[in-house]
Amino acid sequence: MFIKFFLLFALVPMLELYILIKVGSIIGAGPTIVLVILTAIVGAYLAKQQGMHTMYRIRQSLSQNMLPAEELVDAFLILIAGLVLLTPGFITDLLGLLILFPPTRKSFKIWLYKKNSQWIDKGDVHVYYRKW
């Protein structure tokens, strides 16, 4: 687990910094900064739009007395995408946009479902059901 966190919090920022420096050397520092800020603004706007649409679907499911499980997973992934998009860098922006795009978000949901099943099978996660 330590290795995964090390990769996430040490190597990814170093790789982002390397790419930012390379892009900055090609197009200049000013345009690179503008590009990073622009992707953050566009990403935040897209995350807001997707989030509002997902909240609408959650309300629809609840009004029909249905559990909005799929929509809640979408909402979680949209939140993650929004956070990743606000992180400066091109790799994180690409990841955030992939999560926001509904066809590719489906792949992330499938991966998340599989990981969740693995965690439950290993006993790392305990699921409690409550009868109302």
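Author: Taking contacts (heavy atoms within 4.5 Å) in the chain between residues at least 6 apart in sequence, 55% join residues at least 24 apart. Please bear in mind that this is a predicted model, in which local features need pLDDT of at least 70 and side-chain atom pairs count only at pLDDT 80 or more, while totals for chains, interfaces and linings use all residues. Residues are numbered from 1 along each chain as its sequence is written, and side-chain values use heavy atoms, with hydrogens and water left out.

The setting is helical: the chain has 5 helices and 0 strands, where helices (H or I, at least four residues) and strands (E, at least two) are DSSP runs numbered from the N terminus.

Now to the charges. Side chains of opposite charge can pair when their charged atoms come close. The structure holds 4 salt bridges, each a side-chain nitrogen of Lys or Arg within 4 Å of a carboxyl oxygen of Asp or Glu. One of them joins Arg 57 to Asp 74, with the closest N and O atoms 2.7 Å apart. Arg 57 belongs to helix 2 (residues 29–63) and Asp 74 to helix 3 (residues 69–86), so this pair ties together parts 17 residues apart in sequence.

Arg 57 is partly exposed, at a relative accessible area of 21%, whereas Asp 74 is buried at 3%; buried means under 20% relative accessible area, exposed over 50%, and partly exposed in between (1.4 Å probe, protein chains only).

Asp 74 also forms a salt bridge with Arg 105, their closest N and O atoms being 3.4 Å apart. Since Asp 74 is in helix 3 and Arg 105 in helix 5 (residues 102–122), parts 31 residues apart in sequence are tied together here. Arg 105 counts as buried, with 4% relative accessibility.

Lys 109 meets Asp 74 as well, in a salt bridge of 3.1 Å from N to O. With Lys 109 in helix 5 and Asp 74 in helix 3, the pair links parts that are 35 residues apart in sequence. Both Lys 109 and Asp 74 are buried. Through shared partners, salt bridges join Arg 57, Glu 70, Asp 74, Arg 105 and Lys 109 into one network.

For context, 23% of the 132 residues of the chain count as buried. The C-alpha atoms fill a box of roughly 60 × 35 × 20 Å along the principal axes.
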